[in-house]
Amino acid sequence: MNASTHTYTGAICIGRFQGLHLGQLAVIRRALLLAPRVVIFIGSAFQARTPKNPFTWEERVEMIRLALTAEEAGRVGFVPVRDYFDGQRWVAAVREGVRAQLGELPAGQTVLVGHRKDATSEYLSDFPGWLLDDVGSQGDMHSSTLRDAFFGAAGEPLEPALAALVSQAPPSTLGFLRAWAQLPCYRELAAEWASLRAEHALWASAPYPPVFVTVDALIECAGHVLLIVRGRAPGKGLYALPGGFLEQRETVYQSALRELQEETGLHLLPGDIAHALKGVRVFDHPDRSQRGRVITHAHHFDLGARRLPEVSGSDDAMSASWVPIGELAAMEDRFHDDHFHILDSFLGLTGT
């Protein structure tokens, strides 16, 4: 297509693309029809592999490229964007990504292409100044459906599950899944997927969707933070802050101290730990946890420039250790749920 036939200078598509389906491909092709240059933002980038986010952002780029023609792929740029769980920071990161890819475009020359389907599409209203092209419904297609079929087939022949998805996903996506299933992480994530489904089933008959309250403890000491490695699903083997569920007769502060001691063995005098408390923040993004609606109260303690106390993992923790703050940014894709972003919120790890 000649550039003169395009309506806009640049088109934007935003999604997680955790299993590219035909509806998402239709959105991308609509963007390619509207503008000579298309920028695709790959959301939930830099996350650890989980049943909800099994594919790295690079793998998702490859999945999209495989579904496009060479001419189409040549007009597309990709930008990974992390989940800040902070709307303003996320919008700023997307706008900066567009400027880096397309420069400063004249007013009326940037179009955001998408579809208002549910609460996950609210981001389409976050960019005043950009025109919106709503492609409308492309059918009842969801990446979560693809992932459920994919992980549900673990331990059984994969081909029948993929055959059931031929009306949902392009052939290139099915081929990608077929090859990806040979990786060791496939069976590990499938086991975690099954564990999460069993946990969700326990609450299926509740009169209202459950809302869980948890606590986390960020312990800073001499340029280090105290982390655990989770010993159970979800997030088995991933780094996390010490924490857990609030018990019935506890305040969130009492619960944070109890979980800290149970998981790391760290015990300080009540006066010392109270003096070290620097702040408490609530992290309540609806998508922060794979378990469902989980609201956590993160407590930040700073023990100062003292000798690092001895710690040892126990209870739900496989291990506990002091990690230099300067090493945390490089560990982003090894953290459970939003725990890296909790650390970033208190310690400013990403600088954005």
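Trainee: Is F340 buried or exposed in this predicted model?

Mentor: F340 counts as buried, because its relative accessibility is 2% and the cut-off for buried is under 20%. F335 is buried as well, with a relative accessible area of 3%.

Trainee: How do I read a pair of aromatic rings?

Mentor: You describe the pair by the distance of the centres and the angle of the planes. Take F283 and F346: their ring centres are 6.3 Å apart and the planes sit at 55°, so this pair is tilted. F335 and F340 also make a tilted aromatic pair, with 5.9 Å from centre to centre and 55° between the planes.

Trainee: Where in the chain do F283 and F346 sit?

Mentor: F283 is in strand 10 (residues 277-283) and F346 is in helix 11 (residues 339-347). They are 63 residues apart, so the pair links distant parts of the chain. Both F283 and F346 are buried.

Trainee: How many aromatic pairs are there?

Mentor: The count comes to 16. There's also an aromatic cluster made up of F55, F150, F151, F176, W180 and Y186.

Trainee: What lies over the face of W130?

Mentor: That's R95, at 5.0 Å from the ring centre.

Trainee: Which residues is P242 in contact with, leaving aside its neighbours within four places in sequence?

Mentor: Among them are V215, D216, L226, I228 and L260. P242 itself is in the loop between strand 8 (239-240) and strand 9 (243-245), and it is buried, at 1% relative accessible area. Its C-alpha atom is 6.5 Å from that of E259, a residue 17 places away along the chain.

How values were computed. Residues are numbered from 1 along each chain as its sequence is written. This is a predicted model: local features need pLDDT of at least 70, side-chain atom pairs count only at pLDDT 80 or more; totals for chains, interfaces and linings use all residues. Side-chain values use heavy atoms; hydrogens and water are left out. Rings of Phe, Tyr and Trp (its six-membered ring) pair if their centres lie within 6.5 Å; planes under 30 degrees apart count as stacked, over 60 as edge-to-face and the rest as tilted. Helices (H or I, at least four residues) and strands (E, at least two) are DSSP runs, numbered from the N terminus. Buried means under 20% relative accessible area, exposed over 50%, partly exposed in between (1.4 Å probe, protein chains only). A charge sits over a ring if NZ of Lys or CZ of Arg is within 6 Å of the ring centre and within 35 degrees of the ring normal. Contact means heavy atoms within 4.5 Å.
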